[in-house]
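Reader: Before the discussion begins, please display the model. I should then like to examine its charged side chains and its overall layout.

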Amino acid sequence: MTIDHIVKVIGEERFVDEIQTTLRNGEYRPLPARRKEIPKADGKMRPLGIPAIRDRVVQMATKIMVEPIFEADFKDCSYGFRPKRSQHGAIRHIRRAVKKGVYWVVDIDIRGYFDNIAHDKLMQLVEQRISDRRVLKLIRQWLKAGFVKDDQFHETDLGSPQGGVISPLLSNLYLNYLDTIWEKKFAETGTMVRFADDLVILCRTKEQALRAIDVLKAVFGKLEVEMNREKSKLIKLWDDKQGFDFLGIHHRKIRKKLKGNKTVSILRSYPSKKAMKSMRQKVKETTEPRNRLYWTMNQMVAELNPKIQGWKNDHAFDSFADPFLNKIDWYIRKRLTLF
């Protein structure tokens, strides 16, 4: 059922009234999510579970109600999918921590995080704050709703589908267990900054960094998730030989000469190679299709401008990023000239 069908045939008010009636009567049952796979930058596919519109409406209503309850417990180190928080805040947190003296970074990737959340453990965390049985039943139903791929139904025993309205909140709640333990017992080991399932720990010494890895392995074991060894790294920030990527930004300490021949290392943040490649691809996909050769230049500009502005807002953290922004400018000019 499409939004267009609801607006033109059923009517929005009637649609919402019908949902309300099924909820009140205890007759509501979520439909399986529609599985859609989108390509990732590394060539693999990311599975998305897209719920039916009716289920998205109920999920949003539930999220509006329960999010403030969970928000009261969430920690300052967490920035992903939270009200009034963004990747900009996470990047600023990293830059503040590095200024205070950080020489080692533990860059962690969790293997297939959304697909491997243990339902029973997640529900234990939900039940610590929510006692209403009807709400608990709704959340359990969404987790167990399954998905349809190629007209085949598949059950779900693990995971919270990426694409669901309430999934980001539930995934944050699951990793809040890690945030809480870190803040209570290991804050002296290093500064943790987390955006959904992407996280870094910023440490002064190599010993602290190695200890942080051991702690993460132990907590991940309890949560039944796995560290991705191929993508997780231990980075030495002492000189400008190594840096790390976080949320599309590359961070690296670069030497700078001051007056009196004094040299200092300053953290620079600029677009990562992956982010540069992704932006070029977006520009190419916008300007290349032959059926767009009939577009006016104004149409093309209207299509490109939001993408350019969004990319600039996300990546212009530092004057050091200017040459990288200029490279994208030149690429856009080249594509427009071809167009």
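Author: A residue is termed buried under 20% relative accessible area, exposed over 50%, and partly exposed in between, with a 1.4 Å probe and protein chains only. This is a predicted model, in which local features need pLDDT of at least 70 and side-chain atom pairs count only at pLDDT 80 or more, while totals for chains, interfaces and linings use all residues. Residues are numbered from 1 along each chain as its sequence is written, and side-chain values use heavy atoms, with hydrogens and water left out.

Reader: What percentage of the residues of the protein chain count as buried?

Author: The C-alpha atoms of the protein chain occupy a box of roughly 80 × 60 × 35 Å along the principal axes. Its secondary structure comprises 11 helices and 11 strands, taken as DSSP runs numbered from the N terminus (helices H or I, at least four residues; strands E, at least two). Of the 339 residues, the share that counts as buried is 45%.

Reader: How many salt bridges does the count give?

Author: A salt bridge requires a side-chain nitrogen of Lys or Arg within 4 Å of a carboxyl oxygen of Asp or Glu. One network of such bridges links Arg111, Glu226 and Glu230. By this rule, the number of salt bridges is 16.

Reader: Which residue forms a salt bridge with Glu127?

Author: The closest N and O atoms of this salt bridge are 2.7 Å apart. The pair links distant parts of the chain, Glu127 in helix α5 and its partner in helix α6 (residues 133-144), 13 residues apart. Glu127 is partly exposed at 37% relative accessibility.

Reader: What is the distance between the end C-alpha atoms of helix α2?

Author: The expected span of a helix is 1.5 Å times one less than its number of residues. Just after α2, Gly26 adopts a positive phi of about 75 degrees. Helix α2 (residues 12-24) has 13 residues and should therefore span 18 Å, which agrees with the distance between its end C-alpha atoms, 18 Å.

Reader: By what distance are the C-alpha atoms of Asp198 and Ile110 separated?

Author: Asp198 is located in strand β7 (residues 198-203). With 28% relative accessibility, Asp198 counts as partly exposed. Asp198 and Ile110 are 88 residues apart along the chain, and their C-alpha atoms are separated by 7.5 Å.
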